[in-house]
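Q: Hello! I have a structure open on my screen and would like to learn how to read it. Could we go through it together, one feature at a time?

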Amino acid sequence: MGDLSAHFSKSEFACHCCGQMKIDNALLVALEHLRALAGKPIVVHDGYRCPAHNQEVGGVSDSEHTRGMAADVSIPGLSLQQMYELALQIPTFFSGGIGAYDSSFLHLDVRMHSARWARVRGQYVGIQSLVNTPPTLLAKIQGAPGIGSQPV
Ligand SMILES: [Zn+2]
Ligand SMILES: [Zn+2]
């Protein structure tokens, strides 16, 4: 039992440099949804970053992490592809940001427009470099109520 929600605690989202914490409720709800779909615990590597820490780790200056709207996560036992397919099924992540990283974690955020990327050996590239979006899954998601046919 977490102190933020059923499975998440403030300490997991606190800035690694100063301990400050900010989290958007939509992110928390989406992560709980993802955990339920996965049926496994989610490891949060990075949640909130204060602007100074964000700069230090080379994050883009308007990173969703500085707004408490992003988390870098992995799910032990699942591949990057498996995690990506689960994340696509969460509406706020589907219509928000999903980044795949070659160190085997996903960046997930609840920004209000779709963004996709991968980071391979320090370079930003197309997300298809690391994962693929199964057309059947996409058709299923786009046919779901409440989700428009947004480009991925
Ligand atoms: Zn900090
Ligand atoms: Zn991130």
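Q: Let me begin with one residue: is Arg 121 buried or exposed, and why?
A: Happy to start there, and please keep in mind that this is a predicted model. The general idea is to count the C-beta atoms within 10 Å of a residue's own: 12 or fewer means exposed, 20 or more means buried. Arg 121 has 6 C-beta neighbours inside 10 Å, so it counts as exposed.

Q: Which loop holds Ser 104, and what is its phi near?
A: Ser 104 belongs to the loop between E3 and E4. Its phi is near 70°, again a positive value in a residue other than glycine. Those two strands form a hairpin with three residues between them, and Ser 104 is where the positive phi occurs. Ser 104 counts as exposed because it has 12 C-beta neighbours inside 10 Å.

Q: How do I read the pairing of strands, for example how many bridges link E3 and E4?
A: Look for the bridges between two strands and for the sense in which they pair. E3 and E4 pair in the antiparallel sense, over five bridges.

Q: Why is E4 described as largely enclosed?
A: Here we apply the neighbour count to a whole strand. Five of the five residues of E4 are buried, so the rest of the structure largely encloses this strand. Leu 106 and Leu 108 point one way, while Phe 105, His 107 and Asp 109 point the other, and all are buried.

Q: Which residues have the most contacts inside the largest nonpolar core?
A: They are Leu 27, Leu 31, Tyr 84, Ala 87, Leu 106 and Leu 108, in a core of 33 residues. To see what builds this core, ask which elements give two or more residues to it: they are helix H2 (25-38), strand E2 (70-74), helix H4 (80-88), helix H5 (91-94), strand E3 (97-101) and strand E4 (105-109).

Q: What does Tyr 84 touch, leaving out residues up to four places away in sequence?
A: Tyr 84 touches Ile 98, Ala 100, Leu 106 and Val 131. Its helix, H4, has Met 83, Tyr 84, Leu 86, Ala 87 and Leu 88 buried. The cover over the buried residues of H4 includes H2, E2, H5, E3, E4 and helix H6 (135-142).

Q: Now let us step back: how many helices and strands does the chain have?
A: There are six helices and six strands. Following the sequence, the pattern reads α-α-β-α-β-α-α-β-β-β-β-α. The chain is as compact as a globular protein of its length, because its radius of gyration is 15 Å, close to the 15 Å that the globule rule gives for 152 residues. Along its principal axes, the C-alpha trace spans about 45 × 35 × 30 Å.

Q: What share of the residues counts as buried?
A: Of the 152 residues, 31% count as buried. As for contacts between residues at least 6 apart in sequence, 57% join residues at least 24 apart.

How values were computed. Residues numbered from 1 in each chain as written. Chains lettered and ligands numbered in written order. Predicted model: local features only at pLDDT ≥ 70, side-chain atom pairs only at ≥ 80, totals over all residues. Core = buried A, V, L, I, M, F, W, Y, C linked by C-beta atoms within 7 Å. Helix = DSSP H or I, 4+ residues; strand = E, 2+ residues; numbered from the N terminus. Contact = placed C-beta atoms within 7 Å. Pairing = 2+ DSSP bridges. Rg over C-alpha atoms; globule rule 2.2 N^0.38 Å.
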